[in-house]
Amino acid sequence: MRDLQLKRFVWLLVILGVVVSQTGCARSQRILEKLAINHTLGYDLDDDKQLYVTAAIINQGEGGSEVKQELISTEADSSKEAKIKLSRQTSRSIVNGQIRNTMYSIDVAREGIRKLIENLVRDPSISPRVKITIVNGSVKELLESKFPDHPNTSQYVDHLLQKNWKNQNIPQVNVYQFARDYLEDGVDPVAPVVRKKGDSVVVDGLGLFRDDKYVGKLSPDYNMLFAMTRGKYRQGEIYIKLDQEKLDGSVMLGTVSSDKKFNVRRKRNGGFIVELFLQVKGDIMEYSGKVPLDNPKDIRVIENGISAYISGKIEKMVNIMQEKRSDNVGLGKQVRNRLSYAEWKRLNWEKVYPEVTFRCIVHTKIKSSGEILEIPPQSSEK
Amino acid sequence: MKERLYASHITLLVFMIQTGVTALSLARSAAMYFGTNGWISILILGGVASVNIMLIGIVNRMCGGESVFAVMAKSLPRFVTIPIYLVFTVYLALIGCMVGKQYIHIFQLIAFPTASTFMLKACFDLMVIFLVTKGIYNIGKAATVFSILILWMVFLLFAFSNDFEFDRMSPFVFKQGHHMLRGAVDMFAAFAGYELILFVMPYADKSKKWIRSVQTGNLMTTLTYFSFVFISFGFFSLDQLKIMLYPLLDMLAYIQLPFVERLENLLFSFLLFTVVITVGMYIWSACESAQQVFPKANRNVMVVFIVFVSFLISILPDTLFQLELVLKYLTYGETAFSFGFPLFLILLLMIQKRSEVKARA
């Protein structure tokens, strides 16, 4: 009898629980047509050095078919203040769960973006995969521009970055990776730079940071070489101009893969020599030089030419970084991992870094020269 | 044939009691207190827990699988044992309700920011009541089934191979940390829970394998913790790890599948199963203890009463900060209990043996 009563009581509790929790849901329900889905956040500095926030919002139309982009912008001290101010400008409630990209003008990036990133990490509704992009020019202007082939500018830029990252033309940089490199000893973050060019948006290079401040950029030629120094490089393409004495013309290597290894040695005077060994493999996709491709000996000549090109370019790239005192390749991390803790703490890496001698030793292997060897010139041309 | 909890049940039960919400912040604690390569500390703590389990094994061997309450009743007068049992009841129920509340708070933080914690906690406690009223054998079986829902998540760790880097770990061991000892006690909370197995002793299969299966359960927990803390140290940079409140959640949030993103909301819900078992076992142990004081009380009414009172208490700390502070102090006591209580029992059993020998002589 007692058991029966208890059972009834428990069932009553269950029903009560379900009913009350259902009403709880009603309060927080979100209807797609009433939401302003924030897709891209842009940060500019206005003339008074005040932060100017632009949000590209995607509005799902009634009926579900049409999707419209709406741009709203406001002056604000912080991104969250901006959210409150922005919400005054739209009839829908702004949600942050679907943010894909955040864009910073070079002026904002020069001032440092630590606080802006921190707030992105703090909000649990924002994914750690939100991209970080630097815009050469005004972010607002870029987002406002109409590109005839791409009705939705914010999505266009997002897809552009995504594709270029997949092809390894630019490193993937999201909130998690930026924060990780910023907080790590002996490496500085990077971020891709884009810019408006006529009727399209182009990747304009790689933005270099010292701590959280933008200090300059590398031209887009360096994108792939930078990727090789940072991690395992797979399935990329690289175009190489051979301008050595014996060689001329150019080579395009496809399905490039690379492996890296660092070596650190000490100089007599206390400085460091950092050597980067790169193992590059690829197939020849295009070749415009005179070396015949059917002879393994001659292939080696091309391989050496490619190696010399890559190592020269990478050494130049690191020199540029050293001039800007930003350690984006992460030489500091390599040096740190070869010192004792006391030695590393005693070392003032920021001071030592510009003096580090950097060498890049590349070993190239050509896997094949494509489907044919070479089309011989016609006899009449001889 | 009387029902028994067999070795595999015990292993998975121990694993499920131990794993809980503390796991989410474990990598941060390791980074904060132990610094570089803090993942090594997980192995040390796992070893400490294993030594503790050996003590429990000695208790088990000396009393021949008898209930701990029976051991105490043999040597101590009832006016001494009753307050001890009451303290046990209150303390275990308190830990149980706070652990449950912590899960609910984090759940609310990431998934239901507008829902009331009160409601969520009430629903959660209802599940605990259903589980505990079914008795220890069914809790054991539930733990076995639930563990399958948790264990597969270990394979998710492979999702991080792209951003994992050995270079990030640095060759330094335990540098840039502070308050290592205090941190170790804090982190030990993630391993605590196995001491409840003392109360399960009389219900278990009486074979020598018993303590081995508890050790296996602890080993499973240690290896699970170790694997994701190790991955965290190669995935996050050290200073980043120190500021991430729940690194494991952030790692789960980073997983991206072609058809779905932001998996952490879904995956965090799976943790519900281990938390229900953890809380269920604390409440069950509290009831076991209370039963000694009120031997004639109806068990089910007692469960509902204890859960209800602890639910009321759990309303008190209403921010995550307060809650984690309360939990921290509660687990200090629990750690002391898990070492002190077996030692105390061993002492009692030794005295009993000696007096038995004397009586025979």
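Predicted model: local features only at pLDDT ≥ 70, side-chain atom pairs only at ≥ 80, totals over all residues.
A:Asp283 stands opposite A:Ser368, a residue of strand S13 of chain A.

Strand S12 of chain A, which covers residues 272–287, is joined to S13(A) by 11 bridges, and the two strands run parallel. Both belong to an open sheet of 4 strands in chain A, ordered S10-S11-S12-S13, with mixed pairing. At the edges of this sheet stand strand S10 (233–241) and strand S13 (357–368) of chain A; each has a single partner strand, so one side of each is left without a neighbour in the sheet. From one strand to the next, the twist averages 35 degrees.

| Helix of chain A | Strands of chain A touched | Direction relative to a strand |
|---|---|---|
| H8 (residues 223–230) | S10, S11 (250–266) and S12 | about 135 degrees with S10(A) |
| H9 (residues 296–323) | S10, S11, S12 and S13 | about 145 degrees with S13(A) |

Chain B has a mean pLDDT of 90, with 99% of its residues at 70 or more. Among the elements of chain B, the highest mean pLDDT (94) belongs to helix H3 (residues 40–63) of chain B, and the lowest (89) to helix H12 (residues 247–254) of chain B. For the complex, the predictor gives an ipTM of 0.86 together with a pTM of 0.89.

Terms used: Residues numbered from 1 in each chain as written. Chains lettered and ligands numbered in written order. Heavy atoms only, no water. pLDDT = per-residue confidence, 0-100. Pairing = 2+ DSSP bridges. Axes fitted to C-alpha atoms, helices over the stretch in contact; angles between N-to-C directions. Contact = heavy atoms within 4.5 Å.
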